[in-house]
Amino acid sequence: MGSVTGGGTYADGSTVTLAATPNNCYTFSQWSDGSTQAQRTITVTGNATYTAYFTAGGSEPQRYLITVVSNNPDRGTVTGGGLYDAGSTITITAEPLAGYEFVKWHDGNTEDFRTVTVTDDATYTAYFRANGTQGIDDISEPADIKIYSHGSCIVVQNAGNTDALVFDILGRTVHKGRIDGPIYVNAKGVYMVKVGDLPVKKVVVR
């Protein structure tokens with residue numbers, strides 16, 4: 001029904017990524033300890049066994065949403081996002097615009113052209129900076145800025161008079177301009193929210 005990776009011998013206190021990938025026509029159900037995350041990170045504290053359980057998933061394979069975003073669309077663009085079958089290998093890319101350079105992905109990977117294996121819903125954020133600068137500016141979101149969904153709205157708190165850009169996973173702009181209250185969206189789904197020069201944040205409206 002499926003395969004697993006991550007087993008082995010590790011030092012005490014180290015972190016390990018476990019992944020359960022269902023075969024076509026099956027779906028991942030849960031791990032033996034109740035976790036329902038197909039890809040998860042654990043801390044090694046002793047010998048342990050993790051069993052992945054799979055179930056029949058009908059005639060269609062399990063599919064996951066891969067979201068690829070740029071921390072600043074004015075500095076660089078990305079490709080590769082979409083819905084993919086579980087276990088498939090896809091390519092995501094980060095392309096800087098003139099005057100900027102690609103620095104890294106959010107997980108530390110520095111390949112602007114990389115392949116990833118689809119095991120769960122995931123977001124990959126590419127960071128860009130101006131040519132010749134040191135470090136990555138706007139790498140983290142200030143703790144006082146809160147971005148979340150509420151009903152059919154996206155709420156941005158403590159952003160003052162900063163401009164916001166909201167777009168869906170197809171790149172269509174939903175809102176652009178000042179934040180003067182909750183931002184209404186007319187459909188459920190995944191949206192990208194960029195406040196000022198902060199990194200793009202994914203928000204799910206259910």
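This is a predicted model: local features need pLDDT of at least 70, side-chain atom pairs count only at pLDDT 80 or more; totals for chains, interfaces and linings use all residues.
Four strands make up an open sheet, in the order β16-β15-β18-β19, and their pairing is antiparallel. At the edges you will find β16 (173–178) and β19 (201–205); each has a single partner strand, so one side of each is left without a neighbour in the sheet. Going from one strand to the next, the twist averages 20 degrees. Now look at the pairing of β15 (residues 163–168) with β18 (residues 189–195): the two run antiparallel and are joined by five bridges.

The biggest contribution comes from β6, with six residues. This pocket has a volume of about 330 Å³. Its lining counts 21 residues, and V68, V78, F167, I169 and G171 lie nearest the centre. Sorted by class, the lining has 11 nonpolar residues, nine polar and one charged.

Finally, turn to the largest pocket, which holds about 390 Å³ of space. It is lined by 19 residues, with G8, Y10, I42, A48 and Y50 the closest to its centre. Here β1 (2–5), β2 (15–22) and β4 (39–43) each provide at least two lining residues. What classes of residue line the largest pocket? Nine are nonpolar and 10 are polar, while no charged residues take part.

Methods. Residues are numbered from 1 along each chain as its sequence is written. Side-chain values use heavy atoms; hydrogens and water are left out. Two strands pair if DSSP finds at least two bridges between them. Axes are lines fitted to C-alpha atoms, for helices over the stretch in contact, and angles run from 0 to 180 degrees between N-to-C directions. On a 1 Å grid over the protein atoms alone, a cavity is a set of points where a 1.4 Å probe fits but cannot get out, and a pocket is an open set with protein on both sides within 12 Å along at least five of seven lines; lining residues have an atom within 4 Å of a point. Grid points are joined across faces, edges and corners, and a volume is the space filled by probe spheres set on the points. Ala, Val, Leu, Ile, Met, Phe, Trp, Tyr, Cys and Pro count as nonpolar, Asp, Glu, Lys and Arg as charged, and the others, Gly among them, as polar.
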